[in-house]
Amino acid sequence: MRIIRRFLADERAATAIEYVFIAGMISVAIIVGARAIGTALSAKFVPISNNLS
């Protein structure tokens, strides 16, 4: 019974899960931003490339 109480009182795992969640959200934000920048750059450079051909 003491082991169960000690396990429930331990918050280290909860903190680790929170850090993983934050890292995941940052990763998603970076991916979305990179795709948006890539799309914007592609829209600008494709017409230039077509005019040079």
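The chain has a radius of gyration of 23 Å, whereas a compact globule of 53 residues would have one near 10 Å; the radius is taken over C-alpha atoms, and the globule rule is 2.2 Å times the number of residues to the power 0.38. This is a predicted model, in which local features need pLDDT of at least 70 and side-chain atom pairs count only at pLDDT 80 or more, while totals for chains, interfaces and linings use all residues. Residues are numbered from 1 along each chain as its sequence is written, and side-chain values use heavy atoms, with hydrogens and water left out.

Along its principal axes, the C-alpha trace spans about 75 × 10 × 10 Å. The chain contains two helices and zero strands, where helices (H or I, at least four residues) and strands (E, at least two) are DSSP runs numbered from the N terminus. Helix 2 covers residues 12-52 and includes N50; between N50 and S27, which are 23 residues apart in sequence, the C-alpha to C-alpha distance is 34 Å.

Buried residues account for 0% of the 53 residues in the chain, with buried meaning under 20% relative accessible area, exposed over 50%, and partly exposed in between (1.4 Å probe, protein chains only). The accessible surface of the chain is about 5200 Å², and 71% of this belongs to carbon and sulfur atoms; the areas come from the Shrake-Rupley method with a 1.4 Å probe, and for residues only the protein chains shown count as cover.

| Residue | Relative accessible area |
|---|---|
| N50 | 52% |
| T39 | 55% |
| I30 | 57% |

I30, which is placed in helix 2, also belongs to a nonpolar surface patch with Y19, F21, I22, M25 and I26, and the patch has about 690 Å² of accessible area together. Patches are made of residues with over 30% relative accessible area and no salt bridge, like charges being joined within 9 Å and nonpolar side chains (Val, Leu, Ile, Met, Phe, Trp, Tyr) within 5 Å; a salt bridge is a side-chain nitrogen of Lys or Arg within 4 Å of a carboxyl oxygen of Asp or Glu.

T39 likewise lies in helix 2, and a polar atom of the T39 side chain is 2.9 Å from the backbone oxygen of R35.

How values were computed:
Polar contact = N/O pair within 3.5 Å; in protein donor to acceptor, adjacent residues only side chain to side chain.
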